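Reader: Could you walk me through this one and tell me what stands behind each label you use?

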Amino acid sequence: MKKQQASGYTTADGRKIGGPVMEMENITLRFGGVTAIQDISFDILEGEIRAIIGPNGAGKSSMLNVINGFYHPQDGRILYKGVERKPLKPYEIAHQGIARTFQNIALFKGMSTLDNIMTGRLTHMKSSMVSQALWWGAAEKEEVENREKVEKIIDFLEIQTIRKTPVGRLPYGLQKRVELGRALAAEPSLLLLDEPMAGMNVEEKEDMSRFILDVNDEFATTIALIEHDMGVVMDIADRVVVMDYGKKIGDGTPNEVRNNQAVIDAYLGVTHE
Amino acid sequence: MPAEFYFGVEVFLNGLMAGVMYSLVALGFVLIFKASGIFNYAQGIMALFAALTLVGFQDGQIPFSHLINAIFGTEVHHFGWHLHTFFAILAALVVMIVFAWLVEKLILQYLVNQEPIILFMATIGLAYFMEGFGDLMWGSNVKKLDVGIPQGGNFWIEENTAFLGGEDFYGFYLDNLDIYATVIAAVLVIALVIFSQYTKTGRALRAVADDHQAALSVGISLRTIWVIVWAIAGFVALVAGIMWGAKSGVQFSLSLIALKALPVLMLGGFTSIPGAIIGGLIIGVGEKMFEFLIGAPLLGGATENWFAYMVALVFLVFRPQGLFGEKIIERV
Amino acid sequence: MFYREAGEFKTSYRADQQTFPIRLDKIGFILSLFAAFVIIPITMSEYWAQAVFLPFLIFGIAAIGLNILTGYCGQVSLGSGGFMAVGAYSCYKLMTSFPDMNMLVCILLSGGVTAFVGLIFGLPSLRIKGFYLAVATLAAQFFLVWMFNKVGWFYNYSASGQITAPERTLFGYVITGAKAETVPVYFVCLGLLVFLALIARNLTRGAMGRKWMAIRDMDIAAEIIGVNPLRAKLTAFAISSFYVGVSGALLFALYLGAVEVGEAFSIQKSFIILFMIIIGGLGSIFGSLVGAAFMIGMPVILKNLLVSNLGWPGDIAAHLEFMIVGLMIIIFLILEPHGLAMLWSIIKEKLRIWPFAH
């Protein structure tokens with residue numbers, strides 16, 4: 001596979017895509033005897049929506065986990081914003097500006113919607129503990145400022161009515177939206193979405209697609225997402241990486257990938273008349 | 001060989017036997033934990049309650065006599081008959097089975113999907129309740145438990161090992177009760193292992209321990225299994241209660257044995273029967289040897305109070321699943 | 001119809017976030033404070049002060065401390081008794097080594113020492129989780145009690161092994177020792193409780209509280225969104241231990257006067273404090289106080305009812321107490337794991353629309 005161009009391009013609808021935010025070079029990830037990811041290289045450019053697709057077990061979630069530092073590859077380099085990234089703890093990587101959602105929702109079930117999304121602001125809240133203990137003054141001011149930001153996200157995702165509800169009580173689709181809100185609250189440079197449409201009906205998928213596109217449009221957030229619904233991928237992704245059995249078998253725009261024989265054989269299949 | 005060495009060996013042997021007693025209690029825990037994921041803090045109080053019930057039946061005590069006397073101003077204490085030990089044990093066993101059934105019906109079935117820590121705290125509540133209940137039912141004074149097991153030092157062993165170690169050494173002093181306990185515990189363990197490996201119910205137990213959902217899907221009744229498991233644990237508690245009770249009298253401190261079983265389980269793994277045995281032996285020997293070699297001479301003694309926990313703590317940090325337990329894997 | 005928030009709209013986030021957003025609640029709070037600071041000290045009998053109010057104030061602090069660690073941060077600890085002992089013995093050593101030290105400073109420093117010890121025993125929490133951690137805290141409990149029993153330096157080598165609080169005054173009132181006056185002692189404890197409860201409330205409603213709750217609910221996800229789990233857990237251990245240590249110091253110096261570690265700070269105490277927060281409500285400051293009130297008040301009420309009124313022997317009352325506590329724990333865990341505080345919230349919610357059903 002030839003390496004994708006290292007600097008920007010302009011999409012069909014006129015959005016400017018910048019330089020690489022994330023560059024994976026020859027990543028290999030093993031768990032004991034199993035090789036989950038084998039010598040994969042690709043990049044994610046600033047401002048684009050990059051989809052990672054492939055059959056189940058291809059290693060997509062593992063790749064996402066490598067990107068946000070939960071797993072450390074045995075081989076390969078990771079460059080974040082052009083700088084080689086040493087193995088860091090997940091919370092350090094969060095502070096660098098990477099946020100994500102999870103395939104099986106990882107919300108804090110004991111807290112309300114509002115509190116959950118407020119936890120997303122933690123990387124931006126700096127007041128000391130003493131200040132928090134004494135509350136009135138600096139800590140309260142910061143709390144109110146961040147509350148305002150979170151309320152903007154709540155408005156954006158249209159979840160005002162459930163802001164005080166404990167998330168455990170919310171239906172699945174709304175929980176996924178709250179999780180998205182929590183990731184957005186971090187104002188990330190790179191947003192990772194792990195199967196954001198899983199388990200949704202057509203309407204919910206349309207809503208979620210709209211939110212993802214809006215996030216990319218309004219906040220200029222770079223997005224990498226794993227997704228199985230090819231219709232969604234074709235519609236919203238700028239470029240696609242295809243994985244199969246831990247290897248990369250396709251890399252390009254949705255159209256290029258759709259017509260790639262290897263991808264068709266492994267994953268897409270052909271329509272029969 | 002100097003007498004000191006043989007004293008050390010004696011401490012070692014006593015440690016082994018103390019370890020067997022610990023294993024006995026730990027077994028009850030492992031059974032329940034394997035089948036339902038619950039750490040039953042009440043296991044110790046179950047041993048106490050079982051022993052109290054046994055003595056109560058043996059002596060023909062009237063249950064709740066203290067309370068009845070307080071309410072009605074009467075002075076009754078005993079029925080006047082004495083039950084033969086064999087029947088008293090059977091009766092106590094029946095009581096423990098009823099207890100198991102009640103626990104499942106009133107508590108466990110309502111807490112099915114809760115996290116382990118909630119279940120653990122529920123068993124603490126159960127332990128407190130049973131303590132008050134047991135005391136109310138049979139009285140809280142210390143009782144002597146006699147089921148016919150000989151006590152005191154075993155003269156045969158003592159005489160026949162006196163030749164070792166020269167004139168300062170009088171032979172290994174091993175208590176008869178401890179020897180009986182070891183044998184009984186060994187028999188019990190073998191029986192339990194056979195039961196779990198080779199019988200249909202035992203297999204069902206292992207299925208439930210592995211995966212509740214899967215077990216349900218092959219038609220195993222979770223609730224029945226739980227009653228069976230708690231009943232077996234009750235039986236183990238009865239045996240443990242008899243052994244410990246015969247040794248030091250039936251009193252409240254019996255329930256604190258539960259706390260001693262915890263380090264045993266942490267060492268051996270919560271889900272392993274052989275682990276409970278080996279863990280118990282290691283803790284038993286370790287405690288006594290540590291006290292003998294370091295605790296008494298250097299640290300002022302009574303290190304047995306915390307030695308087991310420190311060992312367990314070290315294990316928890318470096319090998320959380322214990323020696324034989326299943327590895328705990330976390331996934332995102 | 002009385003209890004409602006209809007018509008009470010908040011126009012700022014600041015107003016929305018306050019502790020008592022409903023006016024009726026705020027009035028209730030002010031009335032309680034008035035009762036606590038004015039009415040009770042004037043009207044309380046010596047018996048009620050010693051049997052109910054003082055232990056409530058002192059254990060209330062411990063309950064808040066444990067709730068921070070267990071209820072908010074999800075790290076179960078069965079070592080509270082041992083940590084109270086650390087507070088008590090630190091206080092004793094400070095009092096005897098620095099006779100001129102101000103008593104309040106003594107108490108707060110004792111809390112500080114306990115915080116440090118709590119930090120150390122909290123280190124395993126990074127590798128061990130949930131129920132296994134609870135068992136590890138037992139190691140702390142037994143070891144600490146053994147240590148205070150055996151190592152003579154802690155009790156100044158006294159023959160009895162007991163520690164006794166020398167007499168100290170604060171603002172001219174005697175608050176420790178045989179001549180301590182009840183009302184000043186009450187105010188010291190009350191003042192500390194209100195102050196510490198306030199701080200706990202502030203910490204738990206802000207960023208720190210959210211970090212703790214995130215760790216409690218799903219620590220892996222918490223780490224991925226940027227919470228440093230080591231820091232968050234150790235902070236919880238330290239702050240919680242501070243509270244428990246202060247409580248232990250107060251229990252020793254201002255209440256019991258003399259303490260034998262095996263009796264006063266045994267594992268039974270650890271369980272009692274745990275029960276306070278289970279019954280009162282995990283993850284609620286108010287709940288900690290409700291639970292403390294229950295666990296302190298119930299035995300007294302029971303004893304008065306059964307022994308004084310009905311003439312039953314004392315040990316029956318004790319046995320019934322065990323049964324009731326055990327039963328309450330089970331009932332609360334089944335029906336309402338969030339304790340009396342949640343039940344209270346639900347009652348208020350129903351009151352909001354009373355007498356209408358929906």
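Predicted model: local features only at pLDDT ≥ 70, side-chain atom pairs only at ≥ 80, totals over all residues.

Reader: What makes you say that strand E5 (residues 49-53) of chain A and E10(A) are paired, and in which sense do they run?

Author: Four bridges join E5(A) to E10(A), and the two run parallel. A pair needs at least two bridges found by DSSP, so four bridges qualify. Strands here are DSSP E runs of at least two residues and helices H or I runs of at least four, numbered from the N terminus. Residues are numbered from 1 along each chain as its sequence is written, with chains lettered from A and ligands numbered from 1 in the order in which they are written.

Reader: Why is strand E10 (residues 222-226) of chain A called largely enclosed?

Author: Five of its five residues are buried, so the rest of the structure largely encloses E10(A). Buried takes 20 or more other C-beta atoms within 10 Å of the residue's own, with C-beta atoms placed from the backbone. Thr222(A), Ala224(A) and Ile226(A) point one way, Ile223(A) and Leu225(A) the other.

Reader: What joins strand E9 (residues 190-194) of chain A to E10(A)?

Author: Five bridges, in parallel; Leu191(A) has Ile223(A) as its bridge partner. The chain crosses from E9(A) through helix H7 (residues 202-218) of chain A to E10(A), a right-handed β-α-β crossover: with the strands pointing away from the viewer, the path from the first strand over the helix to the second runs clockwise.

Terms used. Buried ≥ 20, exposed ≤ 12 C-beta atoms within 10 Å, placed from the backbone.
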